Amino acid sequence: MVKIALAGGTSEVGHEILDALVATGKHDITLLSRQNTTPEDAVDGTTWVKVDYQDHQTLVHALQGVHTVLSFVDAPRDQDGAAQKALIDAAVAAGVKRFAPSVADSLQAPPHYLRELNKDKKVLEYSLFQCGLFLNYLGYPHKTTKHMALFESCLDLEHRRDIVFEGYDQPGTAAGRISLVTVQDLAAIMARTVESDGEWPRVGGLHANATTLAELLALVKKIKGKPFQVETLKLDDLRAMHITSSRVPMVPHRSVPPGMVERFSRMFLSNIFLKISAADGGWGVSDEWNSIFPDHEFTSIEAFLTEVCAGKE
Ligand SMILES: NC(=O)c1ccc[n+]([C@@H]2O[C@H](COP(=O)([O-])OP(=O)(O)OC[C@H]3O[C@@H](n4cnc5c(N)ncnc54)[C@H](OP(=O)(O)O)[C@@H]3O)[C@@H](O)[C@H]2O)c1
């Protein structure tokens, strides 16, 4: 049994992971949330604790006896990582053993804070879980998640159309690579990491699938057995957030005010394409967790999309 605190108690991604943790029937799990609990929020086998990230003592109290903190605090909305930094400080004060910040870019503030904290000696064991983009989005509108809302992506299987960026099909370059993993695979691995005795790797890459937009397009053409209509965006246009395609995949995430969805979606598409096309190798991830759990079989892109296209989910 591990005493776990899951921060960002109402997180959609967090609840996908929570299901896997609860299913083991082994752990004592506390959900830390800024919200008051409601009967709909109650999850069997868990305890709900309301927290204020600006109140150090309340946080320390909530973390008494906790071994592992898994944070799903929405990184983009946590200004300068203030909430996650407060959580780290409280975890240290409460004697927490392990900490996983929100699945995030290692350049963001909380990972940097953890690195600094452990610079001279280990103060708090941590791992930066990195998994790339959730494959589940490519299956939209098919529902392949329980809690996480899915949105349309550039690759539209239903209408057989795709949006790519210039140079996406240039052979022999590292640029354009992207890592994809199902949220179920992330949940399965996280559930195992919680139980593992060995020291967590500081960078915890989860390498399920690496592909390029060109390989992805070729794969869906094969699965569907039909051609796709493809629109190409220029990188200079993306840098200016100028999207010239006939459609912009909308990302109506609950954190985005309705009036901002259009602008957010343009920014999201630009950022993702610029990240994938980066000359330093695109959006790849390392494979530390694969080495620790070599027997885990990740869902392949082909198996996932074939099943989605067959309408079975
Ligand atoms: N790689 C991918 O494909 C992918 C996809 C989706 C998400 N993500 C990442 O996964 C993480 C969780 O995403 P999600 O979709 O589950 O997020 P979410 O549901 O929008 O929010 C997570 C939780 O963070 C808490 N929160 C929000 N703003 C906060 C603030 N300013 N201070 C403190 N807590 C705050 C809220 O919990 P309470 O109100 O209960 O406190 C919220 O429910 C994010 O960092 C996101 O970037 C990655």
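**Close-up views of a predicted model**

View 1. C154 is buried, at a relative accessible area of 13%. In this predicted model, C309 is partly exposed, with a relative accessibility of 29%. A disulfide is a covalent bond that links the sulfur atoms of two cysteines. The cysteine sulfur closest to that of C154 belongs to C309 and lies 17 Å away, which is too far for a bond. Because a pair must have its sulfur atoms within 2.5 Å to count, the number of disulfides is zero.

**View 2. The two faces of strand 4.** Strand 4 spans residues 68–71. In a regular strand, side chains alternate between the two faces of the sheet. On one side of strand 4 are T68 and L70, and on the other are V69 and S71. These four residues are all buried, so both faces of the strand are covered, buried meaning under 20% relative accessible area.

**View 3. The strands paired with strand 4.** Strand 1, made of residues 3–7, runs parallel to strand 4 and is joined to it by four bridges. Within this pairing, L6 has L70 of strand 4 as its bridge partner. Strand 5, residues 98–100, also pairs with strand 4 in the parallel sense, over three bridges. Here T68 stands opposite R98 of strand 5. T68 and L70, each named in one of these pairings, lie on one side of strand 4 and are buried.

View 4. Helix 3 covers residues 82–94. Together with strand 4 and strand 5, helix 3 makes a β-α-β unit, and this unit is right-handed. The two strands of the unit are parallel and share three bridges.

**View 5. The boundary between domain 1 and domain 2.** Ten residues of domain 1 are in contact with nine residues of domain 2. Interface size is often given as the accessible area lost when the parts come together. Between them, domain 1 and domain 2 bury about 870 Å², and 48% of this is on carbon and sulfur atoms. On the domain 1 side, the residues that lose the most area to domain 2 are E12, E16 and R77, which together account for 57% of what that side buries.

Terms used:
Residues are numbered from 1 along each chain as its sequence is written. This is a predicted model: local features need pLDDT of at least 70, side-chain atom pairs count only at pLDDT 80 or more; totals for chains, interfaces and linings use all residues. Side-chain values use heavy atoms; hydrogens and water are left out. Buried means under 20% relative accessible area, exposed over 50%, partly exposed in between (1.4 Å probe, protein chains only). Two strands pair if DSSP finds at least two bridges between them. A crossover is right-handed if, with the strands pointing away from the viewer, the path from the first strand over the helix to the second runs clockwise. Contact means heavy atoms within 4.5 Å. Buried area is the accessible area (1.4 Å probe) that two parts lose on being put together, summed over both.
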